Amino acid sequence: MLCRLAPALRRGIATSAQNSAKVAVLGASGGIGQPLSLLLKNSPLVRDLNLYDIAHTPGVAADLSHIETRPNVRGFLGPEQLPDCLKGCEIAVIPAGVPRKPGMTRDDLFNTNASIVANLTAACAKHCPEAIICIISNPVNSTIPITSEIFKKHGVYNPNKIFGVTTLDIVRANTFVAELKSLDPARVNVPVIGGHAGKTIIPLISQCTPKAEFPQNQLETLIGRIQEAGTEVVKAKAGAGSATLSMAYAGARFVFSILDAVNGKEGVIECSFVRSEETECPYFSTPLLLGKNGIEKNLGIGKITPFEEKMVAEAISELKASIKKGEEFVKNMK
């Protein structure tokens, strides 16, 4: 059994199924989608698990359906089955799209993944307009503005229900700090704000719990590793893909937190890239208090060091450009 999972995942497995939800995974046959679906299948917080992709979903669904856990699993194949997949869904998680290869930035994925996300979120806006939408597909700094503009076009936009899943940055920060300080990573929490690419990823080591201090040169090396950790995996996989297993773990952790909050658990906090008024950027990741209807309260950036203030200032122009690129894509859609 998955006994080594961190608290959010353990909650997903152990919590009572009193108010379980219908969840759709769009892109369920891919490198992230399959392990993500496996983790969600282990949660009694999930009642129905609908898996959608353009290939292989009947097989993935059949395989997962044999697991002795509560969620009912169904596979949906191709655009004609997408409406049925989404009807009645309370949460839609979207890891669909192409992965990075060596030498590619997340922004290089834009042309392919922008269209995929636009089409899938348009279907969500039509068939499950009240659902909480969790976007994993990169570049998140652009795919969240795309999702928002699509929902606006359909007249069903609710900024409290659209989330860019940046949780992997927090998971990595927790892990790397724990390694350096010989701590249990499951007990470390580093807020990561900003965006989800390169220098827009801003780990707030000053807000780490338990407190962790580093000399400036070690701090800069640590932050650089967190910011480029995705590239570390892309290089290590040598053309065979990007971070899939760790991203599936992070995606499941985020969905379980959403499910906990929807079920009335208080004090559930996760960082996520969302519509924001915390900076001059219209979207920005900060710690969020989650509730029954998505974002209950944006907890903001909080007190940060001058070094962290400088990182925020340096991230703004890149973030604004990525956001504008996403918004312009939807404006120019035929």
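Predicted model: local features only at pLDDT ≥ 70, side-chain atom pairs only at ≥ 80, totals over all residues.
Visitor: Let's start with the aromatic rings: how are the planes of Phe110 and Phe329 arranged?

Guide: Happy to begin there, as the structure holds three aromatic pairs. In the pair of Phe110 and Phe329, the ring centres are 5.7 Å apart. Their planes stand at 90°, and planes over 60 degrees apart fall in one class, so this pair is edge-to-face.

Visitor: Which helices does that pair link?

Guide: The two residues are 219 residues apart, so to speak in distant parts of the chain. Phe110 belongs to residues 110-127 and Phe329 to residues 306-331, which makes the helices α5 and α11.

Visitor: Is Phe110 buried or exposed?

Guide: Its relative accessibility is 6%. Buried means under 20%, so Phe110 counts as buried.

Visitor: Which residues does Asn113 touch, leaving aside those up to four places away in sequence?

Guide: Asn113 is also found in helix α5. At 1% relative accessibility, Asn113 counts as buried. With residues up to four places away set aside, its contacts are Gly97, Val98 and Asn138.

Visitor: Over which ring does the charged end of Lys181 sit?

Guide: There are two such arrangements to look at here. The charged end of Lys152 lies over the ring of Tyr157, 5.2 Å from its centre. For Lys181, the distance to the ring centre is 4.5 Å, and the ring is that of Phe214.

Visitor: How far apart are the end C-alpha atoms of helix α8, and what span should its residues give?

Guide: Helix α8 covers residues 216-227, which is twelve residues. At 1.5 Å a residue they should span 16 Å, and the end C-alpha atoms agree, being apart by 16 Å.

Visitor: Within what arc do the buried residues of α8 fall?

Guide: The buried residues in α8 are Leu219, Leu222, Ile223, Ile226 and Gln227. Seen down the helix axis, they line one face, because they fall within an arc of 135°.

Visitor: Which exposed residues does the face turned away from the buried side of α8 carry?

Guide: The buried residues of α8 pack against α7, β8, α9 and α11. On the face turned away from that buried side, the exposed residues are Asn217 and Thr221.

Visitor: Finally, which residue in β11 stands opposite Leu288?

Guide: Strands β10 (residues 283-291) and β11 (residues 294-298) run antiparallel and are joined by four bridges. A hairpin of two residues connects β10 to β11. Across from Leu288, the residue in β11 is Asn298.

Note on methods
Residues numbered from 1 in each chain as written. Heavy atoms only, no water. Phe/Tyr/Trp six-rings, centres within 6.5 Å; stacked < 30°, edge-to-face > 60°. Buried < 20%, exposed > 50% of the residue type's maximum accessible area, 1.4 Å probe, protein only. Lys NZ or Arg CZ within 6 Å of the ring centre and 35° of its normal. Contact = heavy atoms within 4.5 Å. Pairing = 2+ DSSP bridges. Expected span 1.5 Å × (residues − 1). Arc of directions from axis to C-beta.
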